[in-house]
Amino acid sequence: MRNDKSKKTATAWLLATALVVGLPQLAGAETVLRIGMTAADIPRTLGQPDQGFEGNRFTGLTMYDGLTAWDLSSATKPSVMIPGLATEWKVDEADKKKWTFKLRPGVTFHDGSPFNADAVVWNVEKVLKQDAPQFDASQVGVTASRMPTLASARKIDDMTVELTTKEPDSFLPINLTNLFMASPSKWQAFYDKAEGADAKAKSQAAWAAFAKEASGTGPWKMSKFTPRERLELVKNEGYWDKGRVPKVDKMVLLPMPEANARTAALLSGQVDWVEAPAPDAVKEIKQRGFQLQANESPHVWPWQFSRIEGSPWNDIRVRKAANLCVDREGLKEGLLAGLMVPATGTFEAGHPWRGKPTFEIKYDKAAAQKLMQEAGFGPSKKLTVKTQTSASGSGQMQPLPMNEYLQQALAECYFDVQLDVIEWNTLFTNWRRGAKDPTANGANATNVTYAAMDPFFALVRFLQSSMAPPTSNNWGYINNPKFDELVTKARQTFDPAARDAALAELHAASVDDAAFLYVAHDVSPRAMSPKVKGFVQPKSWFVDFSPVSMAP
Amino acid sequence: MFAYIARRIVYVIPIVASVALVCFLLVHITPGDPLVAVLPADASQELAAQLRTAYGFDRPLPVQFGLWLWRALHGDLGNSIATGRPVLSEVLRAVGNTVTLAIAAALIGFTLGLLFGLIAGYFRDTWIDKVATSIAIAGVSVPHYWLGMVMVIIFSVQLNWLPAVGAGPGGSGAWGWDWEHMKYLILPAITTSVIPMGIVTRTVRALTGDILSQDFVEALRAKGLRELDVFKHVIKNAAPTALAVMGLQLGYMLGGSILIETVFSWPGSGLLLNSAIFQRDLPLLQGTILVLALFFVALNLLVDIAQAAIDPRIKRG
């Protein structure tokens, strides 16, 4: 009996010891994914990120959702828009400026408050209604320009909302992928607690507090934030899309603006994943058994031509000759170590907006030389063209060497290319000012890369005549009635399939007109540890971190 | 001494005012749009105008300067355009990290610099001098960002001994003076220390050699002082100049190195400045430059006062 008691006591002690020893190990089993971003700072966390689409990738689509979303599940098909926090939507047949969105039931913010029509109206007004308490000027720039026609929002019932645009615009649902839903309840709690002289000061304080303790509906929740150094996100077990509940417990985001530093951090095991590794380290990354992921991005590296009076690019033969004179495969395999996709337009084959252009963009030097000779140029009479570019910049890939490559290539087709290299932000500012502005410095082309996620960004802002400066980015003052007609047609076609067909028609027309010198698409290279499993690199600027797991 | 300190502080006032003006103007005369951080290139003119008004960039430059200076005098350097966070807290956090790095680098650089300098000066024109001088020349000549990369490749990538980037396992917010944190400091501190090490070596070598050749040293020796006591006199005579050089070097280090902090992703003032420039975040850029300039001015003041305390001849001058 006594022996039994001793055995029981010993067993109890053993179990207790095992628990004490084992529990920390169980806690240590937490899986963590550490990512080195290219950003110099953590993108803003309050719902509308800065730092371009890298911001949306890391602090937008992780912690937040929009009414509509991108399908990021395929590496082979172009990413298309799918329902997000709205399950369905339709335009009012009688008034094409009004849209009704049905909201997804049962969704809650990270703070537990419900997502509903009030929340949608509140989030629209945070960037559009200047007298709303939650209006925040710092979020306007990165939002309003991405949904230029959105005018207002109105609650119909708890799960239905009406959005109004300034003009009929079938692109609205696509644009809404950029409006992230932040929790009004959480913000209000901060606002009520904030101390400030007036409502504006309280509002600013509330947003500052919200940024430190964000609350969205996304698959990741904020857990720890050190500005400029690290952001830790944990999985949202209660995410509404059960198929997208993250596989890893925690994701740590670290800003590492320098490519070599990122690469070293990966190779030394300090992080598991880096965005845009140093191109000259690609070979070593692969040799050491790390994964290199890349895929065609909706991105174009072009020369945008000036079409103002006197521009040499007004002759379509010259525009076509330039497009035929560049060996893009040579550029890809040589200078860029395979990290580009040759561009034959804004969209490539397989994309719903590609269309069927009749002008085939390829390398055909003989045809290019012939076109140039027809236009009156030759070995003894070269055509001087000047291009503004930058030495660096977001999305610019390797602007200087790439432009020097073009300079040499085009010289064989009787072009004398002069480069005007300026600082990236200045180039970006000049882009809005246009070819007629003195800051263009006499250049008749500009080399600014662009994202091609949605129809407005990809086509309309460049091709529609009314988008000429100072309105938007029709830098070269393209004024082609056919483009204008096709833009209107696409905007006012509300059946998704018919709208895509109209956009394809517009794109084909722009390629047939050789509207730009199309050179390359970026491939968004990222390198990762062999432990990273389940990642799918879509044809997108964005990625889905939910299916990623970490092997032990 | 008090009068001397008061006079030096009065001299500082116009310097600080000029620094403030230059900081403000520098970022306004550069080309490009001050709102580029928040304003996409395709933003409409209407939106641009709306934001320009919201941020006060539509007001005349003297008014903007007056308002900025008034707020700065009250400890408010405005909010970062890019992040919306107060500039002062951003700068102070970054400066704190840079100070940590600078202190570590100064300890390494000054210790080695003094050691090499004294040895080289004492053993002038011998092989010991040549070795120490070569190290000093290498220290000031080698591009330090390159050295940083080489050290990362060796100690992080190849040997896996030390972290390549960052400021601690939990970021600098959870900094501690233990090995887990210190190992993040070692590579950037060594890299930062090479220039001050080289400069201090060269200065102290020259000073030591010069002092040793003076008559009073011979007199001390003739009086029968031990060589160690003679050397103490040499050190005391070299100290004011060496201190001034070290003060300046510390000032440079406290300013943060954009290159080193970027190579190591060390979240100090250099990286902050880099980020502010690339994001074209004017309030952050102005605030960072102003705080760093004030640091520099304050440090110079302290060095001047320390020099005067050591060498009374300076007060008279």
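**Exercise 1. A strand and its partners**

Trp303(A) stands opposite Leu517(A) in strand 19 of chain A. This is a predicted model, where local features need pLDDT of at least 70, side-chain atom pairs count only at pLDDT 80 or more, and totals for chains, interfaces and linings use all residues. Residues are numbered from 1 along each chain as its sequence is written, chains are lettered from A and ligands numbered from 1 in the order in which they are written, and side-chain values use heavy atoms, with hydrogens and water left out.

Task: find which strands pair with strand 19 of chain A, and state whether strand 19 is buried or exposed.

Solution. 
- Step 1. Helices (H or I, at least four residues) and strands (E, at least two) are DSSP runs, numbered from the N terminus. Two strands pair if DSSP finds at least two bridges between them.
- Step 2. Strand 13 (residues 299-305) of chain A pairs with strand 19 of chain A over four bridges, in the antiparallel sense.
- Step 3. Strand 14 (residues 341-342) of chain A also pairs with strand 19 in the antiparallel sense, over two bridges. Here Val341(A) has His521(A) as its bridge partner.
- Step 4. Buried means under 20% relative accessible area, exposed over 50%, and partly exposed in between (1.4 Å probe, protein chains only). In strand 19 (residues 516-521) of chain A, six of the six residues are buried, so the strand is largely enclosed by the rest of the structure.

**Exercise 2. A four-stranded sheet**

Task: give the strand order of the open sheet in chain A and name its edge strands.

Solution. 
- Step 1. The order is 4-5-7-6 in chain A, with antiparallel pairing.
- Step 2. Strand 4 (86-91) and strand 6 (150-157) of chain A are the edges, as each pairs on one side only.
- Step 3. From one strand to the next, the twist averages 20°. Axes are lines fitted to C-alpha atoms, for helices over the stretch in contact, and angles run from 0 to 180 degrees between N-to-C directions.
- Step 4. Take one pair: strand 4 and strand 5 (residues 98-103) of chain A are joined by five bridges. Ala86(A) has Leu103(A) as its bridge partner in strand 5 of chain A.
- Step 5. Contact means heavy atoms within 4.5 Å.

**Exercise 3. Two packed helices**

Task: at what angle do helix 4 and helix 11 of chain B pack?

Solution. 
- Step 1. Helix 4 (residues 87-122) and helix 11 (residues 269-279) of chain B pack at about 140°, with axes 7 Å apart.
- Step 2. Angles under 35 degrees count as roughly parallel, over 145 as roughly antiparallel, 65 to 115 as roughly perpendicular and the rest as oblique. Helix 4 and helix 11 of chain B are therefore oblique to each other.
- Step 3. Among the residues that meet are Glu90(B) and Val91(B) in helix 4 of chain B, and Leu272(B) in helix 11 of chain B.
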